[in-house]
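Work through the exercises below with the sequence and the coordinates at hand. Each task is followed by a solution in steps.

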Amino acid sequence: MQFNEINPSPRLLMCPGPVAAEPRVLRAMATPIIGQFDPEFTAMMNETMEMERRLFQTKNKQTYLVDTTSRGGLETILTGTICPGDKVLVPAYGRFGYLQAEILERCGADITIIEREWGTVFDPQEIEDALKKDSYKAVALVHGETSTSLMQPLEEIGAICERYGALLIVDAVATLGGAEVKVDEWKLSACIAGTQKCISAPSGSALVTYNDAVSEIANKRKRVEKGIRTEADVEGELTRIPSNYLDMAQLEDYWSPRRLNHHTEATSMQYAVHEALRCIMQETLEARFARHKLNDKALTAGLQAMGLTIFGDIDNKMPVVTAINIPEGVNGKDIRGMLLNDFGIEIATSFGPLDGKILRIGNMGYSSQKCNILILLSALEAVMLKNGAKVTTGEAVSAALDVYHAAEK
Ligand SMILES: Cc1ncc(COP(=O)(O)O)c(C=O)c1O
């Protein structure tokens with residue numbers, strides 16, 4: 001048996017994650033390992049927390065990384081905040097809303113799901129109406145529903161939840177770093193993101209932030225492990241957090257000056273996120289969001305000029321994901337296969353009711369570049385034609401270029 005050296009073919013990742021990592025991030029990951037309690041390492045952790053706060057637009061003290069993928073970040077916050085029997089409202093408008101519901105079921109929560117057709121978002125009034133009917137400890141909501149390409153406006157929902165005494169826990173996995181996420185202004189109680197999308201680092205770390213009310217719940221559920229417990233570590237009054245690894249209360253202590261010896265930190269992922277956040281800070285949030293918006297506008301214009309139709313409520317489309325309806329008589333798998341095999345470009349299919357009906361294109365982080373949008377449009381046009389789709393030829397790249405040239409003026 002031969003064991004081959006890892007040597008992946010060149011790929012252009014235009015799917016909604018993972019996307020290309022910033023080259024600076026990959027270089028940072030090759031930095032030598034140092035101990036997790038080395039003052040140089042803990043100083044870096046503190047810098048990461050501060051950059052994360054700026055990205056989440058929050059003053060939350062509890063803003064740190066969890067060594068897990070994004071769903072582990074969701075699981076950390078939900079498992080730490082929601083006790084068995086707690087009532088939680090889950091407004092679901094795609095696959096990732098149901099993921100939150102699934103995690104909450106495992107927490108023993110008493111959940112109520114309200115649903116929206118995939119391709120639409122909730123009117124804040126619908127959430128208020130549901131909150132009027134019962135008393136909930138929390139509302140769990142997705143900001144950017146990657147499965148449908150829709151983005152739920154959150155500006156009003158935090159204030160509604162506050163009025164009804166419910167926490168608002170938000171999955172911003174697909175949006176953070178590519179679109180505004182204003183944790184404090186929008187009154188989000190907790191917010192979770194991952195690294196492999198608009199942050200442009202490999203998958204393997206989750207960014208979390210939450211306010212004092214959420215931290216208070218976690219600390220009432222705190223039980224420091226026996227082997228490292230001190231006399232000051234009193235048992236919290238609420239039921240213990242069921243996960244040791246994803247225990248928010250112990251993670252808080254690990255990320256605090258106490259530096260509780262919880263897990264062994266994933267050193268290279270810490271380097272990666274630190275460098276990815278430095279890239280974002282240097283670009284500035286304003287410029288970064290403007291870049292994603294411009295590339296989104298060019299991509300959408302190009303797709304429409306080709307005669308393709310955009311899936312869902314376009315007014316609430318994410319600027320970092322675009323879904324197209326697969327034209328009649330065309331097999332989405334063939335489109336994706338040819339893009340990958342002939343052009344080295346990856347785009348995505350969808351799930352559940354949208355499987356085989358739409359294709360999803362990512363415009364995220366380091367992958368969100370003018371040249372990538374233009375290459376994708378020209379390749380997609382060729383692939384559509386080869387697969388017998390009736391598309392308008394010779395217009396897509398030109399329409400996208402018009403958008404770029406107008407913006408350059
Ligand atoms: C909105 C959203 N939430 C959660 C997840 C789960 O993230 P991960 O695969 O990093 O665990 C994803 C992944 O695509 C996502 O798009």
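**Exercise 1.** Which residues of the largest nonpolar core touch the most other members?

Solution. The model is a predicted one.
Step 1. The largest nonpolar core holds 121 residues, and V88, L104, V139, L168 and I192 touch the most other members.
Step 2. Helix α9 (residues 267-283) gives this core its largest share, seven residues.
Step 3. Domain 1 (21-280) and domain 2 (285-408) both supply residues, so the core lies between them.

**Exercise 2.** List the contacts of V88, leaving aside its neighbours within four places in sequence.

Solution. Two residues count as in contact if their C-beta atoms, placed from the backbone, lie within 7 Å. On that basis V88 is in contact with I82, L104, A109, I111, Y136, K137, A138 and A140.

**Exercise 3.** Give the strand order of the seven-stranded open sheet and find the strands at its edges.

Solution. 
Step 1. The order is β2-β10-β9-β8-β5-β3-β4, with mixed pairing.
Step 2. β2 and β4 (110-115) each have a single partner strand, so they stand at the edges and one side of each has no neighbour in the sheet.
Step 3. From one strand to the next, the twist averages 15 degrees.

**Exercise 4.** Describe the pairing of β10 with β2 and with β9.

Solution. 
Step 1. Strand β2 (residues 62-66) runs antiparallel to β10 and is joined to it by five bridges. Here L65 stands opposite L207 of β10.
Step 2. Strand β9 (residues 190-194) also pairs with β10 in the antiparallel sense, over five bridges. A190 has Y210 as its bridge partner in β10, and I192 has V208.
Step 3. I192 is also among the core residues that touch the most other members.

**Exercise 5.** Are the residues of β10 buried or exposed, and which of them lie on each side?

Solution. 
Step 1. Five of the five residues of β10 (residues 206-210) are buried.
Step 2. In a regular strand the side chains alternate between the two faces of the sheet.
Step 3. In β10, A206, V208 and Y210 are on one side and L207 and T209 on the other, and both faces are covered.

Note on methods. Residues are numbered from 1 along each chain as its sequence is written. This is a predicted model: local features need pLDDT of at least 70, side-chain atom pairs count only at pLDDT 80 or more; totals for chains, interfaces and linings use all residues. A residue is buried if 20 or more other C-beta atoms lie within 10 Å of its own, exposed if 12 or fewer, and partly exposed in between; C-beta atoms are placed from the backbone. Helices (H or I, at least four residues) and strands (E, at least two) are DSSP runs, numbered from the N terminus. Two strands pair if DSSP finds at least two bridges between them. A nonpolar core is a set of buried Ala, Val, Leu, Ile, Met, Phe, Trp, Tyr and Cys residues joined through C-beta atoms within 7 Å. Domain bounds come from an automatic or database domain assignment. Axes are lines fitted to C-alpha atoms, for helices over the stretch in contact, and angles run from 0 to 180 degrees between N-to-C directions.
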